[in-house]
Amino acid sequence: MTYKTLADLTRPKGTVRTLSQHEELPLLRDHLLRLDRTSRHDRFHGFMDDGFIVRYAEKCANDGTVVIAYLEDGVVRGAAELHPPDGSDEGIPEIAFSVESKVRRHGVGTVLFRKLISVARAKGYKSLRITTGASNDAMRALANKFGAHLSFSHGESTGVIDLSRPSQLELAPSLVIAPIEAAQAIANFNRAYWRFLFHMYGWGRKRAA
């Protein structure tokens, strides 16, 4: 029997970062093309052929869309898109998410959502609009955790996230931490612990002359 250490259980399996503009087209395009039929249907609220996805990725790479990606071995397996407010009738940025089936149920969507909200706040946005298919239960549940109030209309669920105040999930994060967040959490704890010891015992202080 193989036993896993704490390091094994918390070692990050991937990285999350914002793609640079020259990376967006091929990496986002290939990720979206890899989505299985159900995932593609959920992401685009209907089945879209490969040609549509290629054109969609080209548009994202040229219209100022921010793409936050979850990568494993340099391959995008999940993506959060922050579309500029120019294309919205109400002037509210639109957001969208996609996660490949092989990395689902590992907290990838939650990590992407948190990173996207952080980027949106840094840009000064006050609210975000999210639209998802009526059958995409996972995304609707995730959106609700981040404060979206979804309403159903014409086969879609649409909601707005108020960025002026933290969501319930941000105020009370889950005890189940995604692997790609756990290592950072442990590192932060270790730093705080050693600062406490140095302060308590006066280690590192200069002795009075």
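Phenylalanine 44 belongs to helix α3 (residues 37-44) and tyrosine 56 to helix α4 (residues 50-62), so the pair ties together parts 12 residues apart in sequence; helices (H or I, at least four residues) and strands (E, at least two) are DSSP runs, numbered from the N terminus.

The model is predicted, with local features needing pLDDT of at least 70 and side-chain atom pairs counting only at pLDDT 80 or more, while totals for chains, interfaces and linings use all residues. Residues are numbered from 1 along each chain as its sequence is written, and side-chain values use heavy atoms, leaving out hydrogens and water.

I then checked burial (buried is under 20% relative accessible area, exposed over 50%, partly exposed in between, with a 1.4 Å probe and protein chains only): phenylalanine 44 is buried at 8%, and tyrosine 56 is buried at 15%.

The rings of phenylalanine 97 and phenylalanine 113 have centres 4.5 Å apart and planes at 25°, so I logged the pair as stacked; both residues are buried.

Turning to strand β2 (residues 66-72), I found seven of its seven residues buried, with Val66, Ile68, Tyr70 and Glu72 on one side and Val67, Ala69 and Leu71 on the other.

Key. Rings of Phe, Tyr and Trp (its six-membered ring) pair if their centres lie within 6.5 Å; planes under 30 degrees apart count as stacked, over 60 as edge-to-face and the rest as tilted.
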